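Please look over the structure shown here with its helices and aromatic side chains in mind. The briefing takes these topics in turn.

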2 protein chains.
Amino acid sequence: MNITDIRAARERIRDSVYLSPCAYSETFSHLTGSRVWFKLENLQMTGSFKERGALNKILLLSKEERSRGVIAASAGNHAQGVAYHATQQGIRAQVCMPVTTPLIKISRTREYGAEVILTGDNYDETCAEAQRRCDAQSLTFIHPFDDEAVIAGQGTIGLELLEQCPDLDAAIIPIGGGGLIAGVACALKETNPRIRVIGVETARLASMKEALIEAHPVTLPAATTIGDGIAVRRAGDLTLPLVSRYVDDIVTVDEEEMANGILLLLEREKTVAEGAGAAPVAALLNRKTSLAGKRVAALISGGNIDVNFLSRIIERGLVKDGRLVRLQLRVPDHPGALAAVMAIVAAQKANVVSVAHDRSHYGASLNQAVLDITLETRGPEHIEEIIAALAKANYNADRVI
Amino acid sequence: MNITDIRAARERIRDSVYLSPCAYSETFSHLTGSRVWFKLENLQMTGSFKERGALNKILLLSKEERSRGVIAASAGNHAQGVAYHATQQGIRAQVCMPVTTPLIKISRTREYGAEVILTGDNYDETCAEAQRRCDAQSLTFIHPFDDEAVIAGQGTIGLELLEQCPDLDAAIIPIGGGGLIAGVACALKETNPRIRVIGVETARLASMKEALIEAHPVTLPAATTIGDGIAVRRAGDLTLPLVSRYVDDIVTVDEEEMANGILLLLEREKTVAEGAGAAPVAALLNRKTSLAGKRVAALISGGNIDVNFLSRIIERGLVKDGRLVRLQLRVPDHPGALAAVMAIVAAQKANVVSVAHDRSHYGASLNQAVLDITLETRGPEHIEEIIAALAKANYNADRVI
C-alpha cells in the first residue's frame, strides 16, 4: 500500500463519497492554543469515514467476486459503510453483528440494504461466524482495517486535507485498528514529510501503542469505552508497520476527556461526534502533545453516538459546569417549610428540575425533613448566590456531588 | 435593496464569513420525498447567519461612525454576530440584553468582545434603552432585520445557494422579522424567477403571515416558542414589501414539529440546529408544502440551542420513539417481589433508568405495591416483548404516558 494506491482510490471513490468540509475553528483554536481545522467525516452519509475504505475495496472486486457478494463483521460504522456502498453497487452484502447490538444499529444497517445476521456474544465470536460463512459461500470478506484496499480508501482523507488546509503542520487522528491513520499518514508524509502525524487511542485499549512497544500486535483484554469506534483489542498486521513508519507519536485520552470533547463539539462547533471522533479534540484540549501555535487538522472520524448516551453526557457536563446542581438541606417538618425554600429558590430565578423530600434517612432528626432539590442554574456564581440566599434564611445547603 | 446590493455585500464580507457547506442529504431526501440540500449556517463562527447582515452593515459605516461605535438590542444570535464582527473590525460594540438572558448567552457575547448592558424585563424595554443610548452617544443602531444593509448581507446566502446547488427548484427558509428571507428570496428570484421560495414561521408567532393578510405589519401578543430565533412579534416595514414580492408561500410549524426536526437533524445529519434552524426541516417532514421530487435547499439558520434544552428534547424524542418507556405494575408487597420483576426485565436486556415503589397511592390495595420502572429499550417491539414477558409471569404492566 503506497501513495499511488491512495491516489487511485481517490479517483475511484470520488463520485460516491462526500468531500467533507474542513473548516478553521476560531473557538477551538482559542481553547487549545493551536490553530485548529476540523475535518468533518461525521457528515458522511453513514456517519463515519468507514465508507471510503469499504467502497474502495468493493470497487476493486472482480465481476465474479461482485456476483458472489461480500461479508463483514461489525457492530458499528464499518457495518453501515459496507451495507450502504455494496447495495449502491448492486452487490449482496451480509453483515454479522453481535446479538447484543443496539436495535438502532441493526435497523440502520438493514435500511442501507444489508442482510444482518445476529450471531455471537462478542466481536470475536461474531467474526468467526462471518469467516465461516465467507468460506462456505465463497464471499469476499471486508476487513474493517487490516486490508490494503481499505487502508488506501481511508487514506483519501489525507489527500483532501492537503488541498483543504494548506501549510498544515500536523494532523491528529483517532486509532482503532490503525487503518485510518495508516492511510492518512502515508498520504501526508509521502507528500510532505514535515507534517507531524499524531495518533489518539482510548486509554482503555491502547493496542497500537502496545504493539509499537512490543514490535508486534498484542491482544489486549476486552474493555468498554466511550470510544467504541476505536475499541480494538489488537493492532493490524498490515497497519502496524505503516503506523510505525509514518506516525510520529501516539497519545491516549480517558473517558472523561472524550465525554468533555463530545459536549464541547456539540455546544461550540454544532456538530455531533461519537467518542472516537472526539478523541483528537480531547487530546488537543488536554495538551497531550505540544502543538502550540501549529496549524493542526483534527479528524472527527464519526458521529454515530446513541442519543440516549448523548443526553447523559450533556447532563454530566452540565453538572461539571455548574449549570445543573443538586442541593441538600434540612427543613423543619411542618406545612409551609418546602414552600419557604422554594420561594427563595424562585427569587434567585433557578429552575427546579426535581425535588425529593425524606423524613427518615440521611440522619434527619425527628422534627426535620431532608430536602434534595435539583436545579438548573446559570453557572457556579449563580449556585453560590442561591446557597447564600438560603443561608441568609438559615438553611444550610450542601452541594450533592 | 436589490440584487446589486447583495452582490456588493458578498464581495464585502467574503473574507470574513464562512462559506458554509451545502450538501445533499440522502437520508432527509428519503424521509421527506423531496431532494434535500442543507445549507449549514449553524456552522458560522457565532452559530448563525446573523453575522452576514451585521458585518455588511458594519463595513458600510463611515470612518466617523466607526469611531463612535455601534449598538444592538438582542438576547440571541444577532447579539453575537454584532459583537464578534464589530470587535474584529476594531469598533466598540454595546449590546443591550434583557435581564432574564441566560448566562451562557451573556458570557458568549462578552467573549466576542461586546460590552453587555443588562436592561429591561422584555425585548421591547431592552430595545428602548438601546435606542436611548444610541441617541445619547450618537452610535449606529444595528437593527436585527429592518435595515437594507442587513437584508443585503443575509441575501448573500442566496448567491451561495445558486452556486452550491445548481438547478434548484425551491428554497425553504425560516422567517422571524423577515430579513433573512427577504434578502435570500431577492437573490434567488432576481436570478431565476422559477425557483420557489417558501417561508416558515413558528405557529405561535406568525407575524409575517399576519402582516401579509393585513397588508401592513401587525404587532402580535408575546408568546414563547422553541423557535426563539424567529419569535418576532411584528414584521419589518422594509422586509414586508420584499417578502410580499419575492416569497411564494408561508407555512407554519408547531412546537412538537420543531422539536422532532431538531432531534432528527442531530441523529441523522449529525448537526445541531436550534428551533428556528430546524423549522424548514420540520415543514418538509410534515409536508407543509408540495415539494415532492423537487430539488430543495433547506436553510439551517442557526444552532444556538441550550444543551440543557437539547437534552430534554432528546428524552422526549426517545419516549416518542419507544426507546425510553415507563411501565406501571402492581406487585405483591413482600420481600423478593421487586427482585422477581427485575429478573424478568434483565432477561429482556432492557436497561433500568429508575424505579419508584409506592404502597399507598395509585389505588394500591393493602397487600400490594405499585411499581414504576423506567427503561431504556430498543424500540416499540422490544417494549411489547417486555410487557409480554411480564404478563407471562402474571404481572400486568401499563405504559405510563
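The model is a predicted one. In chain B, helices α12(B) and α14(B) pack at an angle of about 95°, while α9(B) is mostly covered. Helix α3 of chain A is likewise mostly covered, and the count of aromatic pairs over all chains comes to 6.

**Packing of two helices in chain B**

- Helix α12 (residues 255-268) of chain B and helix α14 (residues 307-320) of chain B have their axes 10 Å apart and cross at an angle of about 95°, which makes α12(B) roughly perpendicular to α14(B).
- On the side of α12(B), the contact is made by Glu256(B), Ala259(B), Asn260(B), Ile262(B), Leu263(B) and Leu266(B), and α14(B) contributes Leu310(B), Ile313(B), Ile314(B), Arg316(B), Gly317(B) and Lys320(B).
- Sorted by class, this contact of α12(B) with α14(B) holds 7 nonpolar, 2 polar and 3 charged residues.

**Covered helices**

- Helix α9 (residues 179-191) of chain B, with 13 residues, reaches 19 Å from its first C-alpha to its last, which is close to the 18 Å expected at 1.5 Å a residue.
- Of the 13 residues in α9(B), 11 are buried, including Ile181(B), Val184(B), Cys186(B), Leu188(B) and Lys189(B).
- The cover over the buried residues of α9(B) includes the helices α1 (3-13), α8 (148-164) and α11 (239-246) of chain B, together with the strands β7 (170-174), β8 (196-202) and β10 (295-300) of chain B.
- In helix α3 (residues 50-59) of chain A, 9 of the 10 residues are buried, among them the charged residues Lys50(A), Glu51(A), Arg52(A) and Lys57(A).
- The buried residues of α3(A) pack against α1 (3-13), α4 (63-68), α5 (77-88) and α8 (148-164) of chain A, and also against β2 (35-40) and β6 (140-141) of chain A.

**Aromatic pairs**

- The ring centres of Tyr84(A) and Tyr112(A) are 5.7 Å apart and their planes lie at 80°, so the pair is edge-to-face.
- Tyr84(A) belongs to helix α5 of chain A and Tyr112(A) to the loop between α6 (103-111) and β5 (115-118) of chain A, so the pair ties together parts 28 residues apart in sequence; both Tyr84(A) and Tyr112(A) are buried.
- In chain B, Tyr84(B) and Tyr112(B) form an edge-to-face pair, with 5.8 Å centre to centre and 75° between the planes.
- Tyr84(B), in helix α5 (residues 77-88) of chain B, is 28 residues apart from Tyr112(B), in the loop between α6 (103-111) and β5 (115-118) of chain B, and both Tyr84(B) and Tyr112(B) are buried.

Methods
Residues are numbered from 1 along each chain as its sequence is written. Chains are lettered from A and ligands numbered from 1 in the order in which they are written. This is a predicted model: local features need pLDDT of at least 70, side-chain atom pairs count only at pLDDT 80 or more; totals for chains, interfaces and linings use all residues. Side-chain values use heavy atoms; hydrogens and water are left out. Axes are lines fitted to C-alpha atoms, for helices over the stretch in contact, and angles run from 0 to 180 degrees between N-to-C directions. Helices (H or I, at least four residues) and strands (E, at least two) are DSSP runs, numbered from the N terminus. Angles under 35 degrees count as roughly parallel, over 145 as roughly antiparallel, 65 to 115 as roughly perpendicular and the rest as oblique. Contact means heavy atoms within 4.5 Å. The expected span of a helix is 1.5 Å times one less than its number of residues. Buried means under 20% relative accessible area, exposed over 50%, partly exposed in between (1.4 Å probe, protein chains only). Rings of Phe, Tyr and Trp (its six-membered ring) pair if their centres lie within 6.5 Å; planes under 30 degrees apart count as stacked, over 60 as edge-to-face and the rest as tilted.
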